[in-house]
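Let's work through a few exercises on this structure together. Have a look at it first, then try each task before reading its solution.

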Amino acid sequence: MGNIEGAEGSELIDSKDLVTSAIDDSETRLDLVSSSELRVVDSDLFDEQPDDLWQRLRSQLSWQDYEEKPEIVAARERFLAQSNYLDVIAARSELYLHYIVEEVEARGMPIELALLPLVESTMDPFANSPQHAAGLWQIMPATGRHLGLTNNWWYDGRRDLRDSTRVALDYLEELQASFDGDWLLALAAYNSGKGRVMRAIKSNRRRDKDTDYWSLNLPRETKNYVPKLLALASIIDKPEQYEADLPPVTNAPAFAIASTSGQIELAKAAELAGVDENLLRSLNPGQLRWATAPSQAELLVPVDSLEAFENGLANLSPSDRLQWQHYRIRQGDNLVSIARRFDTQVAMIKEVNKLRGSFIRAGDTLLIPQGSTWGAALAQSPQSHDYRVRRGDSLYRIAGRFKVSIDDIIRWNSLDPRAYLRPGQQLTLYLGRDS
């Protein structure tokens, strides 16, 4: 599985007098603890949440004791050296972070865990690693299957905000229990595997050494992983101290859940909601094709678009719905003649039916989608392609060859823009049909 990072919690008021007053009013007894410990305050004590989601997070951060460790100082300096990093993560967080924070808070987990997708994927649900981890939480295919995520031609739960967050937090809780409540060891195991961390602990015990995260002999990536999370938390906690310009993120839900009552083309759904299709795809990154998956009966839409979407859906005619024609292949048929018969394209029939070549057999059945926009939408839908880096390749050369941007290649593959490409390295590219 990929690395997993986590969430945020309930709001805290800094004034001890105000907290004490609220406690007295509610006849609730709470022990006030030092700022270095995990602090939990019943959210019912407070009528208002801050407008800025970072402030909501900031009030609950509890791992500040580590922030001056050399590993964290170095990681923090690397973050701050990236001129647009904070702008990028703030912009992407607008769609996803509020939901993740609420899920972490609901489980009573440390709020720092809500920041893990920022470290894992730069809060990009379309990110893919060279090892084929995918989504905000960078979940590996095998781990996704183990945790019960759906992954098929239509839909990838690793890229879905709600499904991936649920299993990532489940897995983190499971790992924390395995390591006697130690969250740093749980994070290390999420990054490099439970077995590897267990072996490192046993090795230290045999040599009578400490078995905390900082004392273990772990892979370089894992030794850098936890410091990245803690460094990012320290920047969010004290942006002024580190001269960090942290754009605010709206502390409100970015989406509402809408029932689709069956399959619907994403282009049509965007039209009904009155939003750009790219925004709808960003809210539903688990949907891999031009239409919603048969097994998924919900879409996320912007909060202020829900009413328009539901009204439009209620008035949708059957001809505007995605429907399937089952066509039994006859003797003498070929893909060209069938495409002409249904006013579609050979490439569309091949993709929908997962045909590698043009060979078809009489008596077999083909699925032919019918709807108002499916042909154009499918034609425009980018498809993933594996590309193996050749000697002499560069990001600039690859981007020019396939008509994509360098930033896209970096984002799709979670690359370090300062690192060199290696011959044989595998990249994932999302290409339109004209590329």
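**Exercise 1.** Find which residues of α3 meet which residues of α10.

*Solution.* Start on the α3 side: Glu-71, Ile-72, Ala-75, Arg-76, Phe-79 and Leu-80 meet Pro-227, Lys-228, Leu-230, Ala-231, Leu-232, Ser-234 and Ile-235 in α10. Contact here means heavy atoms within 4.5 Å. Next, sort by class: the contact of α3 with α10 has nine nonpolar, one polar and three charged residues. (Ala, Val, Leu, Ile, Met, Phe, Trp, Tyr, Cys and Pro count as nonpolar, Asp, Glu, Lys and Arg as charged, and the others, Gly among them, as polar.)

A quick note: this is a predicted model, where local features need pLDDT of at least 70 and side-chain atom pairs count only at pLDDT 80 or more, while totals for chains, interfaces and linings use all residues. Residues are numbered from 1 along each chain as its sequence is written, and side-chain values use heavy atoms, leaving out hydrogens and water.

**Exercise 2.** Work out what ties Glu-173 to Arg-107.

*Solution.* First, their side chains form a salt bridge at 2.9 Å, N to O (a side-chain nitrogen of Lys or Arg within 4 Å of a carboxyl oxygen of Asp or Glu). Then place them: Glu-173 is in helix α7 (residues 161–178) and Arg-107 in helix α4 (residues 85–107), so the pair links parts 66 residues apart in sequence. Helices are DSSP runs (H or I, at least four residues), numbered from the N terminus.

**Exercise 3.** How many salt bridges does the structure hold?

*Solution.* The count is 14.

Technical notes:
Helices (H or I, at least four residues) and strands (E, at least two) are DSSP runs, numbered from the N terminus.
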